Amino acid sequence: MDKAIITLTKGGIKLGLKLLNEYEDSVLYINKRFDICGDRILKMQNNIQSLIPQIFHKYRCLIFIMATGIVVRVIAPHIKNKTVDPAVIVIDEKGKNVISLLSGHLGFANEYTLDIARRLNSNPVITTSSDVNETLAVDTIAIKLNCIIENMKSATKVTAHIVNGEMVGIKSQINIDFHLPYNIKIIKNSKDYSAYKGIIFITNENMRLPRNIDAVLLRPKNLIIGIGCRRGIDKEKIISAIKDALNKANKSILSVKKIATIDLKKDEKGILEAAKYMNVPLEIISSGKVKEIEHKFQTSDFVKKSIGVGAVAEPVAVLASNKGRLILNKRKYDGITIALVEEGDC
């Protein structure tokens, strides 16, 4: 389930049931004293203070039908930062106002708020400066481009320049196909940033930011790691090999989109744990597909005799990508082979 609706009163239950009907990916938490049952209706066994620690990071969106003051007090001990906190929305019992309270951008609370308000014919209340001023925050740009923000403090500084109407430049490795506010300009080739108060660099390359200007790095998710390995290689060695390969290619680990390997290695513990450590999906490529293109890569007779195909890391990386290009040929690391493919218009 994606959303949790929480209410304490009889009036709140009426609105909560309406939202429960609107969103199939939701559950409704109510006070246990109310005699109402249903597949997605859960009863609080104790008070709301006991409930919040159990659900705060369990759902992507928490929808409270109650006073804002209550919500602020019960969630306060559990708030960490905008990169991990769920969206928190508050609605009054009559459904007149829908308030985006927490994680407006990265948690999509603003988008949830607008959608709920539309369904309830209510007034959406959004207070984030960039939205009020009809401009773009750095975290909104990151979401639109599926990028990771390398440093949130830097992002906040650059967003402040945007909201204040000051000129900010974008130097991007990937295509930007949406409208930008008047004070955000795309920088093509120039390295002269004197006309800007802030710069947004969108790149998968390791780089040093200029010191004399507020700048932030956004990392596009466009790198595919292809892995082949001997049986029994542990997670630490695989992660070390990946980091070394990325360093050789001058690429950021934050830009890794997925790891790919062959079906013969689908149960390889070290690879599975490495993907989990990096928080990226593992794509399994069939041996049949590898055989179809292995002639395009350098093959090994030993590997061919061992597993039936002559190459793994390079072909699986290419096959797992969206028209990607090989930017690092396979490198060997004591029983591990790593190859790197880059997607997109880099």
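**Domains**

I noted that the protein chain is divided into domain 1 (3-133), domain 2 (138-220) and domain 3 (223-343), with bounds that come from an automatic or database domain assignment. Residues are numbered from 1 along each chain as its sequence is written. I kept in mind that this is a predicted model, in which local features need pLDDT of at least 70 and side-chain atom pairs count only at pLDDT 80 or more, while totals for chains, interfaces and linings use all residues, and that side-chain values use heavy atoms, with hydrogens and water left out. Taken over C-alpha atoms, the centres of domain 1 and domain 3 are separated by 42 Å.

**Sheet**

I traced an open sheet of seven strands in the order β3-β2-β1-β4-β5-β6-β7, with mixed pairing; strands (E, at least two residues) and helices (H or I, at least four) are DSSP runs, numbered from the N terminus, and two strands pair if DSSP finds at least two bridges between them. Because β3 (41-44) and β7 (123-125) stand at the edges with a single partner strand each, one side of each is left without a neighbour in the sheet. I then found β1 (residues 3-7) and β2 (residues 26-31) paired in the parallel sense over four bridges, with Ala4 opposite Val27 in β2.

**Helix α9**

I listed Gly270, Ile271, Ala274, Ala275 and Met278 as the buried residues of α9 (residues 269-278), buried meaning under 20% relative accessible area and exposed over 50%, with partly exposed in between (1.4 Å probe, protein chains only). On the other side of α9, Lys269 and Lys276 are exposed. I also noted that α9 is followed by Asn279, whose phi is positive, near 60 degrees.
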